[in-house]
Amino acid sequence: MAAAVFKLIPTTQQYDWGKVGLSSKVAQYASACKLPGFHLDENKPYAELWMGTHVSSPSRLPDAQTLSEHLVAHPELIGKRVVERFRNAGATQGNLPFLFKVLAIEKALSIQTHPDKAMAETLHRERPDVYKDANHKPEMALALTPFQAMCGFLPLPRIAAYLSAVPEFAALVPPAIRERFLAIASSADQTGPATKAALKDVFAAVMTADPSLFQPQLEKLVRRYEAGGVDVVEADVRDLVVRLHTQFPGDIGVFCAFVLNHLTLAPGEAIFLAAGEPHAYVSGDIVECMATSDNVIRAGLTPKLRDVPNLIAGLTYTSAPASTHVVQPRAFDGAPHSTLYDPPIPEFAVVRVALPAGQEERHPAVDGPSIAIVTEGAGAVTWGEAEGRGQRLDVREGEVFFVGAGTAIRLVAGGGGSGQLVIHRAFVEVA
């Protein structure tokens, strides 16, 4: 019988937007756990740590077998109900329905969205070199450090205020489109198809503006901001605009500061982004969980391929305050030191455990697989005591472990001066 709990070897990714050296949580975790094959370079960025079965960068067991290979041989670790529910997502080939990551962001990620399932299938069929799988990619970001992001469209009155107060932004939108949007933004009903159409027209006008138009306007805007010429209406986006322009000079994506919500999360706070929601992570370290996919449609703030037509076509054009994206956590099955973040999709949920030194926490069996990472401290995970075959696995910061379906565990924080034990655990369970 295969062990129900075992360590995994994750992978790291070095993208230019990542934090450099040990300022990155990715590098901190890889160094702390002495990740095999990892050699720290204090001058290089460390952007992502991947934990899962995605073919682009699969996790492995200590014997070098990929996690998916091991799960094919031991399907009971995924669980019968999860295999049946996610059969079309490759569960019978050992693929988990979620991908778990740590991101360390120094430079803003692209203005992007992720396709829904139908759009993902079309994009993968038409451009498999770019869109490498046919799955959707709803995702949740949970802050490890103070984290800034742009997410979802601002309420229409706020966009209207920017159009009226920021001439450089207004110059990108043809007068007829601008006037129609301003009229709808001041109306009592902002929920119908006309509202979405007006928002789409404004966004499309901005994102398809010719460089000969938007680049002089952007330069003019930044010069005005740097000289202190800021209207009270635009004061809340001044620093963001300057930051984005510094990182991506002359990029149309900078103007997204006037159409997308901008929020800052404290450690332990989370946001969820469904398919078709525009967003860009700006700075900070996060744990991120998503449906198993690497499909990203980009349109700004990136040196990578931009697919503006598909981004414009694939958005929901839902306008709402940033708070609508914030995940409201709740207690996890009576465990006092564990908090559950459960977004409205079936592929995953995440539990954050913050266990004081010397204490323990019991998690009941979950009817599906889990991947967990120790993000602070050291301790142990035990299982099998109820069956009279108790086993123990010592874990420390940066280490990743798998918990098989139907396995109840006990988490034990180290004593003495080791401090609290913090673990982030992603799992799937079929309701």
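Reader: Let's start with a loop, then: where does threonine 145 lie?

Author: First, some ground rules: this is a predicted model, local features need pLDDT of at least 70, side-chain atom pairs count only at pLDDT 80 or more, and totals for chains, interfaces and linings use all residues. Residues are numbered from 1 along each chain as its sequence is written, and side-chain values use heavy atoms, with hydrogens and water left out. Now, threonine 145 lies in the loop between strand S8 (139–143) and strand S9 (147–153). Helices (H or I, at least four residues) and strands (E, at least two) are DSSP runs, numbered from the N terminus.

Reader: Is threonine 145 buried or exposed?

Author: Buried means under 20% relative accessible area, exposed over 50%, and partly exposed in between, using a 1.4 Å probe and protein chains only. Threonine 145 has 18%, so it counts as buried.

Reader: What does the side chain of threonine 145 reach?

Author: The backbone nitrogen of aspartate 285, at 2.9 Å. A polar contact is a pair of N or O atoms within 3.5 Å; within protein, one must be able to donate a hydrogen and the other to accept it, and residues adjacent in sequence count only if both atoms are side-chain atoms. For plain contact, the rule is heavy atoms within 4.5 Å. Leaving aside neighbours within four places in sequence, threonine 145 is in contact with residues including Lys19, Lys25 and Asp285.

Reader: How do I read a pair of helices?

Author: Two packed helices are described by the angle between their axes and the distance between the axes. Axes are lines fitted to C-alpha atoms, for helices over the stretch in contact, and angles run from 0 to 180 degrees between N-to-C directions. Take helix H7 (residues 175–185) and helix H8 (residues 193–207): their axes come within 9 Å and cross at roughly 140°. That makes H7 oblique to H8; angles under 35 degrees count as roughly parallel, over 145 as roughly antiparallel, 65 to 115 as roughly perpendicular and the rest as oblique.

Reader: Which residues make the contact?

Author: H7 brings Ile177, Arg180, Phe181 and Ile184, while H8 brings Ala194, Thr195, Ala198, Leu199, Asp201 and Val202.

Reader: Last one: how far apart in space are alanine 4 and glycine 406?

Author: Their C-alpha atoms are 8.8 Å apart, although 402 residues separate them in sequence. Alanine 4 is found in the segment before strand S1 (5–8) and is buried, at 17%.
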